[in-house]
Amino acid sequence: MNKFKVGDKVRLAVGARNIANNLGDGNIYIVEGIKSDGIKLKGLFPYYHYSLFEVVKTLEECIMNKFKVGDKVVRVSETYGKAIKGGVYEVSGVSDNGHFGSCGINLKGHEGVSGMFNYEASCFELYDDNILSPLEAAEALLKGDDLEVITTSKGDWQTLDKHQNSVTVKNLKRWKFRHKPKTVIINGVEVVAPVDTKSLGYPDKVWGLNLTRKSVYSSTGHTNEGLFWATEEDAQKALDAMLIPFKGDNNND
């Protein structure tokens, strides 16, 4: 589901710079048009997938640390310290003494002198369990796992050929990779299969279906009962497929 609205100020998200390479790194754009999976930027013609952008925060939001203790983070810039670019770590301490992302953080196992913060928050991004870090992607490629990759301005996930030899170290750092989701067929439509909340370590949020209200809802992942999806978008597509036989039915009961 699109996370933006007309009038939002946005810029390229980390990892999208080589995908939408006709857009200036660091430039700020205004959202002029919206569709289900894309946004149109003022003064530019094509629609871009919304996942390639992030909202430009206000000064007040920038002053606050973007992480909290316990967050999983991935290093996106390599300037100093023992944490390596592409590595995934757990935040063990945060400081709000800074501005525009320059707040301090400590990483579990990397703590230094008490009261000191070893890294700047601007060197890290929140880790997405569905997106592989460069190190995880390299390991998965070596194992021959089924992967998908985003490399186009449309932001579509595309199946990655196991045997292709064009993936370079530079690609690993810039492209977005994920394991190819398992799918099921519902009323002739292929959709992402429900997740096993236990195998995912009981995530903080999952999405279920309310067939009576014909809607999706969020829930904590601390359950094994019912069908749940990792994202709202996947749950909505599954719901739409389930409701195909009832299209045209005006009975709201």
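**Exercise 1. Which strand pairs with β14 (residues 183-186), in what sense, and over how many bridges?**

Before we start, some ground rules: this is a predicted model, where local features need pLDDT of at least 70, side-chain atom pairs count only at pLDDT 80 or more, and totals for chains, interfaces and linings use all residues. Residues are numbered from 1 along each chain as its sequence is written, and side-chain values use heavy atoms, with hydrogens and water left out.

Step 1. Recall the terms: strands are DSSP runs of E with at least two residues, helices are runs of H or I with at least four residues, and both are numbered from the N terminus. Two strands pair if DSSP finds at least two bridges between them.

Step 2. The partner of β14 is strand β15 (residues 189-192), in the antiparallel sense, over 4 bridges. Within this pair, V184 has V191 in β15 as its bridge partner.

Step 3. Look at the turn: β14 and β15 form a hairpin with 2 residues between them.

**Exercise 2. Describe N187 and K214, two residues in loops.**

Step 1. Find them: N187 sits in the loop between β14 and β15, and K214 in the loop between β16 and β17.

Step 2. Check phi: N187 has a positive value near 50° though it is not glycine. For K214, also a residue other than glycine, the positive value is near 55°.

Step 3. Check accessibility, where buried means under 20% relative accessible area, exposed over 50%, and partly exposed in between (1.4 Å probe, protein chains only). N187 is partly exposed at 44%, and K214 is partly exposed at 41%.

**Exercise 3. What is the strand order in the open sheet of 3 strands, and which are the edge strands?**

Step 1. The order is β17-β16-β18, with antiparallel pairing.

Step 2. The edges are β17 (215-219) and β18 (228-229), each of which pairs on one side only.

Step 3. Now zoom in: β16 (residues 206-210) is joined to β17 by 5 bridges, and V206 stands opposite S219 in β17.

**Exercise 4. Is Y48 buried or exposed?**

Step 1. Locate Y48 in strand β4 (residues 47-49).

Step 2. Its relative accessible area is 2%, so Y48 is buried.
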